[in-house]
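Hi there,

I am passing a structure on to you, with some notes on what turned up in it. Have a look at it first, and then read on.

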There are 2 protein chains.
Amino acid sequence: MARITGDGAVETGVVKLKDVALRAGCSVATASRVLNGHPTVGPAEKERVLAAAAQLGYVPNNSARALRSQSTSLVGVVIPTLDHAIYAKMVGGLQERLARSGKAVIISTSDYDLERERMQAKLLVGRGVESIVLVGLEHHPETLEYLRRAGVSQVFTYTCELGDGDAAVGFDNRLAGASVARFLLERGHTRFGMIAGVTRGNDRATQRRDGFIATLTEAGIQRQDIIVVEAPYRIENGRAAMQSLMQTHPRPTTVFCGSDILAVGAIKYCHSAGIAVPEDVSVVGFDNLEVAELVTPELTTVDVPAREMGEAAADALLRLGEKKGSFIVTELPTRLIVRGSTGPAAARR
Amino acid sequence: MARITGDGAVETGVVKLKDVALRAGCSVATASRVLNGHPTVGPAEKERVLAAAAQLGYVPNNSARALRSQSTSLVGVVIPTLDHAIYAKMVGGLQERLARSGKAVIISTSDYDLERERMQAKLLVGRGVESIVLVGLEHHPETLEYLRRAGVSQVFTYTCELGDGDAAVGFDNRLAGASVARFLLERGHTRFGMIAGVTRGNDRATQRRDGFIATLTEAGIQRQDIIVVEAPYRIENGRAAMQSLMQTHPRPTTVFCGSDILAVGAIKYCHSAGIAVPEDVSVVGFDNLEVAELVTPELTTVDVPAREMGEAAADALLRLGEKKGSFIVTELPTRLIVRGSTGPAAARR
DNA sequence: CTGTTAGCGCCTTCAT
DNA sequence: ATGAAGGCGCTAACAG
């Protein structure tokens, strides 16, 4: 698809900066300067370059630009999975906000595996990302070391602890777990169950659990009256976990779930087993997903501002680019949304 | 933060091919050959290069590789929104499958706006993507023209019509709508409502609606016994739309919703208004989201293989790269999942 | 203010 | 089978 231009040059496919310079009658350096808004260019020259670029439909080659300038305007994000709305929405907020600043987002998933996260992060560095957005505080030490050496700034989300990162955007998972505990204590509950997410390699799940338990024990609840199980975030697992909890004697008067996903599974089990919610057992979730308002009874849960977190992560990342070497912590509020799945403690039987 | 390695080299930041060659005691050419699986390398040399690369944690610089080889291994995807699970999951499948082939995914969103989609597509081309994954068949003509000129192959998803694209991976929305109509006819329904998604610029919503209506009219249903409203995919809108449908006289014995999101809103309205589902009115959704099994009664819906679609899109895109200029159509099956929200037609009142 | 020059990191001829 | 060298397209020094 070669074609002959007005001035006789033969072009094949893509137009390069050289072509623009040729047509504008200047050097590639000047053309480059104009196109990059460099000020020291005469207005006449400038005009010609711009016109030439427009006529030729010039599109800069980002690979060359990136290679040369060592800057790609690329941001990497590694999340556990796109199947969970909270992560997907976070990425949505991130992407949208970054797009306004001309940055693009390369996405990848780790499936809650810190080792996979490490690999993904390396690949992203190879892609030339200048910053990387990770979920949580806990990561493979090598991941962070590698990123640091590569000069890639690190933004942690879903946590407001900075750890070894450059920025943290999120909330205090421990505090959130504690707030649920306090709420349930106030309602007079005495025996507690928890269906936590898998805590291995997941600081969010760990802290929610720890904050919950610590607050209960500080309030005088015996450790034997707190029974904790772990389950991957899937409805089926919530159901099975609830079943095991409901088979203990005496059974908990309330169950706190590390995610709404688990909570709806738990409620589903109760329905099938003839256990009344909240009369027999109160259930609390986490995340405030859309489903929270769709189950019967509606789910008491902790609202997590997923989209806002993505937007705030974008802001943090942008500021990090401006002042290199600074640290940013943005704490976002969570709040307990009380709905029908919780009530006063069930009568002892 | 330079550090001294065992063999005395000073490293700053990222490991380059030169570093690997140095440590392996060979030339960069040889190292390159080994890392690219070029056959003509002695096994001893090969071993050393691989070891060196592993020890140093070498990651190729994609900008350089892209510049040299004129190929970026970058794929762009534009979806309406990451807030809806079907799109998020599709992207998840796409990303995961492409990662295996060393391709990265740059993501962006259009918010169901074809004009925004056009802009995003242009930006992606500027980023050097070699293929682009779009949702649906209908796009701004300029979008497709631009992509074609830039040599970017186009994969459409959620449709199995090729249109002006190079590949289509999805299902027949019209047929899916028709299958719902047939199912409801068999159950003896006589007056039909539909809460469709917004059809403007959305061929999926349009075709689901058209297939539904066409099948009904072909079966002898009068057009006045089919009432259709449109609503953006949000629970609240489903609720409001259902309210308006339930206020017509005589009211429909069944309502087909263009998405489970709308359907759960519709069911929610029924609960609040004392309308029994499915006794008073049957409800059918679309997508088979997780919520479909969580509402009461559970939702009859059309299962859409979102993740598989992403994976199939990746496959199509890969094949497209191999045989330039070919066309690929992959039709994925949908199936009607019958649950408790549908029953025989309600008794006439 | 503009042009010339020297690479960015990698792959791939071309020699050996 | 291996190494040396050139250049992908662009930008940032440095000259002029």
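Let me start with a pair of residues: A:Phe212 and A:Phe256 are both buried (buried means under 20% relative accessible area, exposed over 50%, partly exposed in between, with a 1.4 Å probe and protein chains only). Their ring centres are 4.9 Å apart and their planes are at 50 degrees, so this aromatic pair is tilted. For such pairs, the rings of Phe, Tyr and Trp (its six-membered ring) must have centres within 6.5 Å; planes under 30 degrees apart count as stacked, over 60 as edge-to-face and the rest as tilted. A:Phe212 sits in helix H9 (residues 203-218) of chain A and A:Phe256 in strand S10 (residues 254-257) of chain A, so the pair ties together parts that are 44 residues apart in sequence. Helices (H or I, at least four residues) and strands (E, at least two) are DSSP runs, numbered from the N terminus.

In chain B, B:Tyr87 and B:Tyr158 make an edge-to-face pair, 5.3 Å centre to centre with 65 degrees between the planes. Both of these tyrosines, B:Tyr87 and B:Tyr158, are buried.

Before I go on, a word on the basis: this is a predicted model, where local features need pLDDT of at least 70, side-chain atom pairs count only at pLDDT 80 or more, and totals for chains, interfaces and linings use all residues. Residues are numbered from 1 along each chain as its sequence is written, chains are lettered from A and ligands numbered from 1 in the order in which they are written, and side-chain values use heavy atoms, with hydrogens and water left out.

Of the atoms of DNA strand D that come within 4 Å of the protein, sugar and phosphate account for 65%. Helices H2 (28-35) and H4 (62-69) of chain A and helices H2 (28-35) and H4 (62-69) of chain B each supply at least two residues of the surface near DNA strand D.

Enjoy exploring!

Key. A residue is near a molecule or strand if one of its heavy atoms lies within 4 Å of it.
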